[in-house]
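Please look over the two-chain model shown below.

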Amino acid sequence: MLSSEIKGDLLVLFHKNPGLIDSLDGVARRIGRIGTAIQTDVQDMVSAHILGTRRIGGREIIFLDRSGDKAAQESILGYLKNLKGKTE
Amino acid sequence: MGRQKTGIVELDAMLRGGFLERDAVMVAGAAGTGKTTLSLQHLVNGITKFGEPGIYLTFEQLPDQIYRDAENFGWDLKKLEDQDKFRLVCTSPDLLLEPDGAGQLLDATIKEIQPRRMVIDSLNHLEMYLPRGGDMRKEAYRVLNYVKTKGISPLAIWETQQNAGQAFSVTDVGMSFLVDCILLLKFVEIDSAMRKAVVIMKMRGSDHEKALKEYAITPQGFKIEGGFSDYEGVMSGSPHKVASERFVDMFQNQKASEKHKGGLSH
């Protein structure tokens with residue numbers, strides 16, 4: 001999941017601000033980058049159901065997919081527990 | 001028509017029981033007067049005291065700053081979100097200005113928590129993102145009506161210049177007529193100290209308190225402390241004691257001076 005620094009920044013941004021709904025450029029500005037620089041990472045996170053998208057006017061907006069994010073967190077937690085069990 | 005209480009007892013008394021339900025309210029004031037605190041308190045009290053869920057729509061601050069600031073007043077917004085009674089929505093104003101932008105941004109959240117109150121922070125940001133030649137009044141009217149038709153009472157924040165209210169005009173883009181009620185928060189300088197005053201500039205269809213009241217932002221939030229009955233000219237920015245108070249002051253000064261003289265002659 002955290003295969004890039006941008007994904008990490010996006011994850012922190014949306015976890016601290018779960019009510020954030022903004023355009024690609026708007027989200028990019030909030031982590032000090034530009035839209036084109038975060039596009040691929042956003043697409044990866046949409047595919048992983050961490051983020052969601054929909055269109056307003058001609059623009060795509062991005063938001064936290066609360067249920068998808070929760071499922072991903074549970075899955076990661078389960079994996080870590082499993083890993084801990086194996087190493088003990 | 002029912003009343004929507006703010007939960008701030010003295011303010012509700014000034015409003016003769018609270019805002020009228022579904023009225024569009026504007027809280028206007030210069031930076032630092034406590035507009036955000038008052039608006040958040042209105043939402044939090046709505047949830048915790050009157051069972052009315054609420055949405056805080058912000059264009060300015062990121063939600064994490066608002067969560068933190070609210071916590072300083074003892075308001076746990078994250079807990080209220082977990083209980084599906086509150087949502088803090090942060091977006092860019094230009095998205096709200098798109099055709100059906102309000103619906104696309106807010107419909108899902110409205111369906112989710114069935115709010116009765118919504119704060120829009122702030123209308124100034126909408127104005128900032130308005131395309132050249134755009135009519136701010138039309139856009140604000142559209143957004144406020146969208147909220148009202150959902151059965152929600154909107155409270156919009158408007159940041160004014162420091163001297164707003166001196167000429168009894170709150171906004172310079174003529175938006176006052178779009179809202180039903182205007183609360184103006186302002187700084188006043190009295191006896192070389194900066195104090196804060198709140199006044200209800202307008203309340204359609206209802207009687208309301210006409211006098212200015214002094215307020216403070218306390219660790220518990222917005223608190224009205226009393227009136228400025230000893231002063232006149234507070235709104236105009238040059239407050240001075242009323243004649244009777246000046247007479248009392250003069251009499252006391254004279255008495256003190258005579259006592260001092262008497263003391264010296266012994």
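## Confidence

Where in chain B is confidence lowest, and where is it highest? The model is predicted. In chain B, the lowest confidence falls in helix α9 (residues 243–265), with a mean of 67. The highest falls in β2(B), at 98. Where pLDDT is low, the predicted coordinates should not be read in detail.

Over chain B, the mean pLDDT is 88. A score of at least 70 is reached by 88% of its residues. For the complex, the predictor gives an ipTM of 0.79 and a pTM of 0.85.

## Chain A

Chain A has 4 helices and 3 strands. From the N terminus on, their order is α-β-α-α-β-β-α. The C-alpha atoms fill a box of roughly 50 × 25 × 20 Å along the principal axes.

Chain A holds 88 residues, and 28% of them are buried. Take the contacts in chain A with a separation of 6 or more: 41% of them join residues 24 or more positions apart.

## A helix pair in chain A

Two packed helices are described by the angle between their axes and the distance between the axes. Helix α1 (residues 5–16) and helix α3 (residues 35–47) of chain A have axes that come within 9 Å. They cross at roughly 65°. The crossing of α1(A) and α3(A) is right-handed.

From α1(A), the contact uses I6(A), K7(A) and L10(A). From α3(A), it uses I38(A), D41(A), V42(A), D44(A) and M45(A). By class, the residues of this α1(A)–α3(A) contact are 5 nonpolar, no polar and 3 charged.

Chain B has 9 helices and 13 strands. It runs to 266 residues, of which 42% count as buried. Among contacts in chain B with a separation of 6 or more, 63% link residues 24 or more positions apart.

In soluble globular proteins, nonpolar side chains tend to be buried together. The largest nonpolar core here has 83 residues. Those with the most contacts inside it are V25(B), V27(B), A156(B) and L183(B). Strand β8 (residues 181–190) of chain B supplies the largest share of this core, 6 residues. Leaving out residues up to four places away in sequence, L183(B) touches V25(B), V27(B), V198(B) and I200(B).

## The loop at E21(B)

E21(B) sits in the loop between β2 (19–20) and β3 (25–29) of chain B. Is E21(B) buried or exposed? E21(B) counts as exposed because it has 12 C-beta neighbours inside 10 Å, and 12 or fewer is the cut-off for that class.

E21(B) still has contacts from elsewhere in the chain. Beyond its neighbours within four places in sequence, E21(B) is in contact with M1(B), G2(B), R3(B), Q4(B) and S153(B). Q4(B) is 17 residues from E21(B) in sequence. In space, their C-alpha atoms are 5.5 Å apart.

## Where the chains meet

The contact takes 13 residues from chain A and 15 residues from chain B. On the side of chain A that touches chain B, the elements giving two or more residues are β1 (21–23), α2 (24–30) and β2 (51–56) of chain A. Of these, β1(A) gives the most, with 3 residues. By class, this side of chain A has 4 nonpolar, 5 polar and 4 charged residues.

## Backbone points to check

The peptide bond from D121(B) to S122(B) is cis, with omega near 10°. S122(B) lies in the loop between β6 (117–121) and α7 (123–128) of chain B.

Two residues with positive phi also deserve a look. H49(A) is not a glycine, yet its phi is positive, near 60°. H49(A) lies in the loop between α3 and β2 of chain A. It counts as partly exposed because it has 14 C-beta neighbours inside 10 Å. D100(B), also not a glycine, has a positive phi of about 60°. D100(B) lies in the loop between α5 (93–96) and α6 (101–113) of chain B. D100(B) is exposed, since 11 other C-beta atoms lie within 10 Å.

Definitions and conventions. Residues numbered from 1 in each chain as written. Chains lettered and ligands numbered in written order. Predicted model: local features only at pLDDT ≥ 70, side-chain atom pairs only at ≥ 80, totals over all residues. Core = buried A, V, L, I, M, F, W, Y, C linked by C-beta atoms within 7 Å. Buried ≥ 20, exposed ≤ 12 C-beta atoms within 10 Å, placed from the backbone. Contact = placed C-beta atoms within 7 Å. pLDDT = per-residue confidence, 0-100. Axes fitted to C-alpha atoms, helices over the stretch in contact; angles between N-to-C directions. Left-handed = near helix turned anticlockwise from the far one by under 90°. Nonpolar A, V, L, I, M, F, W, Y, C, P; charged D, E, K, R; others polar.
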